[in-house]
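Dear colleague,

Please read the notes with the structure open beside you.

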Amino acid sequence: MSRIKRCPYCGIPRDFARGNVWNDDGTITQARNPDHRVFFYEADGLDKLFARVEELVGLPLDRIIVEGKRKGSLEYIQNIYPGYKRALLRAFRGKVYQSTADIGAIFGLGHYELLEFKKREYIKVYCRNVYSLSLFSGDLIAVFNFVEGIPADLRIEEKENGYVVTVARGKEYEELVSRLDMERYPIKPGDVKHERCPQCDVPLDLKEYAWDLEEGVITDTVTGRRMVFTGPREIDAIMHELEAELGEEIGKTIVEAQRLYIKETLQQAEFERSPQYLFRQFAKRGMGNLVSFDLGDDGMRAVVENAIVPLLLTGILQGVYELVTGSRSSVDYGMERDGTFHVEVKPAS
Ligand SMILES: [Zn+2]
């Protein structure tokens with residue numbers, strides 16, 4: 001049985017409700033670190049996205065994806081724990097590695113158990129139902145890098161419906177100290193109206209998500225799809241790493257892979273339910289404030305304020321357009337200097 005407590009009114013894990021804030025501007029931010037945004041996304045969507053990008057470029061990308069996620073997650077951990085706390089964490093490293101399992105379960109990252117660890121040498125965990133083996137590996141290496149202060153190598157073995165992952169002292173690489181150089185935009189106020197739980201204040205829309213805290217799985221009970229809660233900067237860090245290794249053109253490939261995923265996975269009926277569906281989905285997931293979505297014979301124009309993961313957003317909007325209209329399209333997108341994101345989709349001529 002999981003030790004994690006839930007809100008008696010809405011059933012959302014208490015630590016999850018306390019740790020995150022749904023704002024009226026389409027963002028979700030962490031209570032302890034309001035500069036850090038978080039969002040929900042289909043777990044499958046991220047994994048399939050990278051598999052599809054691999055297929056499209058014809059190269060194995062696992063190493064780049066693990067490294068991108070590691071950098072993004074390490075930056076996140078460094079931001080929440082200043083230097084003096086790091087020393088404290090080291091003194092209780094066993095507890096830190098163990099509590100990471102609880103946080104992971106709340107975020108829908110999967111089930112993990114700490115098997116063994118040795119100070120400044122290695123950690124060994126058993127995991128199953130992880131949201132993505134590459135992304136999970138990146139997260140685990142980042143925790144190890146941070147707690148032990150040393151670089152690491154990874155070994156993965158299959159075991160009993162899951163994996164044993166060993167993160168051990170590895171070779172020196174300069175990326176450990178390099179910082180991610182990604183743009184941050186100021187947040188624009190919005191008027192997203194969430195109906196909230198009277199006890200824990202999370203949007204009641206989240207009642208559609210079911211948490212299996214033992215397995216670390218969040219399921220959208222309406223669509224049946226598995227969801228994961230992660231940081232946009234961590235996902236952008238992977239995009240960044242892919243661009244650095246493969247060139248800027250990879251952006252188009254990511255949009256294309258995302259368009260294909262949306263068309264394969266989402267159902268037209270989801271968008272026919274109500275015109276507000278798409279707006280609500282953006283705000284509930286923390287992906288930004290979809291301030292306009294105009295669909296006409298000559299195409300679709302959408303504006304998203306406080307947008308995150310722009311390449312995913314573009315693929316989503318293009319995929320939705322094609323689902324709703326049944327026609328193929330071309331897409332243009334761009335971020336303004338103030339962080340307002342525009343997507344324009346035109347029917348293919
Ligand atoms: Zn509640």
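Lysine 118 has tyrosine 122 in β5 as its bridge partner, and these residues belong to strands β4 (residues 111–118) and β5 (residues 122–128), which pair in the antiparallel sense over 7 bridges. Two strands are said to pair if DSSP finds at least two bridges between them, while helices (H or I, at least four residues) and strands (E, at least two) are DSSP runs, numbered from the N terminus. The hairpin of β4 and β5 has 3 residues between the strands, and arginine 120 there takes a positive phi near 55°.

This is a predicted model, in which local features need pLDDT of at least 70 and side-chain atom pairs count only at pLDDT 80 or more, whereas totals for chains, interfaces and linings use all residues. Residues are numbered from 1 along each chain as its sequence is written. The mean pLDDT (the predictor's confidence in each residue, from 0 to 100) of the protein chain is 90, and 95% of its residues reach 70 or more. Confidence is lowest in helix α9 (residues 268–272), with a mean of 77, and highest in strand β14 (residues 341–347), at 97.

Turning to the helices, the axes of α3 (residues 62–80) and α7 (residues 232–246) come within 7 Å and cross at roughly 135°, where axes are lines fitted to C-alpha atoms, for helices over the stretch in contact, and angles run from 0 to 180 degrees between N-to-C directions. The two helices are therefore oblique to each other, since angles under 35 degrees count as roughly parallel, over 145 as roughly antiparallel, 65 to 115 as roughly perpendicular and the rest as oblique. Among the residues that make this contact are Ile65, Lys69 and Ser73 of α3 and Ala237, Ile238 and Glu241 of α7, contact meaning that C-beta atoms, placed from the backbone, lie within 7 Å.

Helix α3 also meets α6 (residues 133–148), the axes coming within 7 Å and crossing at roughly 45°, so α3 and α6 are likewise oblique to each other.

With best wishes

Methods
Contact = placed C-beta atoms within 7 Å.
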